[in-house]
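Hello,

Here is the structure I said I would pass on.

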Amino acid sequence: MIRDQETLNQLTDIVERFVRERLIPAEEELADNNKVPDSIVAEMKALGLFGMTIPEEYGGLGLTMEEEIHIAMALGHTSPAFRSIMGTNNGIGSAAVVFDGTAAQKEKFLPRYASGEWIGCFCLTEPDVGSDAAALKTTAKREGDHYLLNGTKRYITNGPVADTFNVMARTNPEVKGARGISAFIVEKGTPGITLGPIDKKMGQSGSLTCDVIFENCPVPAENLIGEEGNGFITAMKVLDRGRLHISGVSVGVAERLIQDSLEYAINRKQFGKPIAEHQLIQAMLADSKTETYAAKCMTLETARARDRGENVSTESSACKLFSTEMVGRVADRAVQIHGGAGYVSDYAVERFYRDVRLFRLYEGTSQIQQIIIARNMIKDAS
Ligand SMILES: Cc1cc2nc3c(=O)[nH]c(=O)nc-3n(C[C@H](O)[C@H](O)[C@H](O)COP(=O)(O)OP(=O)(O)OC[C@H]3O[C@@H](n4cnc5c(N)ncnc54)[C@H](O)[C@@H]3O)c2cc1C
């Protein structure tokens, strides 16, 4: 749902200009230094980009899902790590409080996420628990007016720079699956939190991840999000929305890769003419364009359905599955169209090829999306 087309157009124009004039020129600096420059973070804050999805009453822009997808696509035109620094505040780092937080939690945390004063992160994955997230082992034992957290969370995006950790932990060890899990918001500086070394990743340099270790970490009982035992349901709601967002980003990155490939193909000459005039190059360009268009249509349509209040669990997973696999193929063709130049770092496609690999892995791998889609199909048919 687009509440006011003119306002959305203005915001999209601002973001597109910011991407074009500030972020794209800083891509190499980001990759080389593994850090989003402070001046750019400050500009993101000033533009309100940390609070795009946070309700207006808490200082955010309160974008609908459809509006968010338009902005995610615009942000996708540059290195995904730029989006990542504000991505957790707009998604997995704040959404649990937005969906299920108490009034006091909303008052305390959301304005700080919206302004970018605080960075939030989402701690579900563990060393032994990834796709089978309901089997998580981190425990939260109630002791008087607080819970004691113990466990290790792995690959936590923005963990190294986070001010709050949105942690899924088992409050009821008797219940093995999802119903024994609760969600907590843990503030940096709480005793018993240790951060592991920053992970060395294949791509998305500048987006930092690390282990977050909790050892007898006392979390006030008022920091429980929702009710005890409902944490996994909260986490799945968070991921449902996140999957659509990642689909939008994948479309944006694919558009950027097509743009770079087209420009290269028009300028590069072989056999006496631009390679863009060779039909086998045209086939790759056309396939990339077609698949990107398909992903864009399905993502926007699902976003509209979600805004109408429909259950889009199956469709969100279908969008994530298709869009993230699609951008992998588009990145591969982009390297192919660039020939040897696509394999060296002088051209952005080499970096994007590595960056987009992550989209098929986090917030549920492609296999997990297939499982969700098929499970829902079978449930609906029975
Ligand atoms: C850079 C990065 C950032 C991340 N950020 C976060 C974050 O902020 N917060 C967070 O909580 N997590 C985060 N993650 C973790 C991410 O969500 C997990 O890595 C992902 O869910 C997969 O879990 P796993 O790595 O344990 O793989 P596994 O679950 O061990 O899976 C390994 C392989 O087995 C397949 N597989 C597993 N189960 C099945 C099955 N039933 N049927 C068929 N195939 C199956 C998987 O698809 C995969 O191919 C991040 C990961 C990375 C790499």
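A nitrogen atom of the ligand lies 2.8 Å from a polar backbone atom of Phe 122; a polar contact here is a pair of N or O atoms within 3.5 Å. On its own the ligand exposes 970 Å², and the protein buries 63% of that (Shrake-Rupley method, 1.4 Å probe).

This is a predicted model, in which local features need pLDDT of at least 70 and side-chain atom pairs pLDDT 80 or more, while totals for chains, interfaces and linings use all residues. Residues are numbered from 1 along each chain as its sequence is written, and side-chain values use heavy atoms, without hydrogens and water.

How many residues surround the ligand? There are 19, and Thr 125 and Thr 365 are among the closest (a residue counts if one of its heavy atoms lies within 4 Å). Strand β3 gives the largest share of this shell, three residues (strands are DSSP runs of E, at least two residues, numbered from the N terminus). By class the shell holds ten nonpolar, seven polar and two charged residues; Asp, Glu, Lys and Arg count as charged, and Gly is among the polar ones.

Regards

Methods. A polar contact is a pair of N or O atoms within 3.5 Å; within protein, one must be able to donate a hydrogen and the other to accept it, and residues adjacent in sequence count only if both atoms are side-chain atoms. Helices (H or I, at least four residues) and strands (E, at least two) are DSSP runs, numbered from the N terminus.
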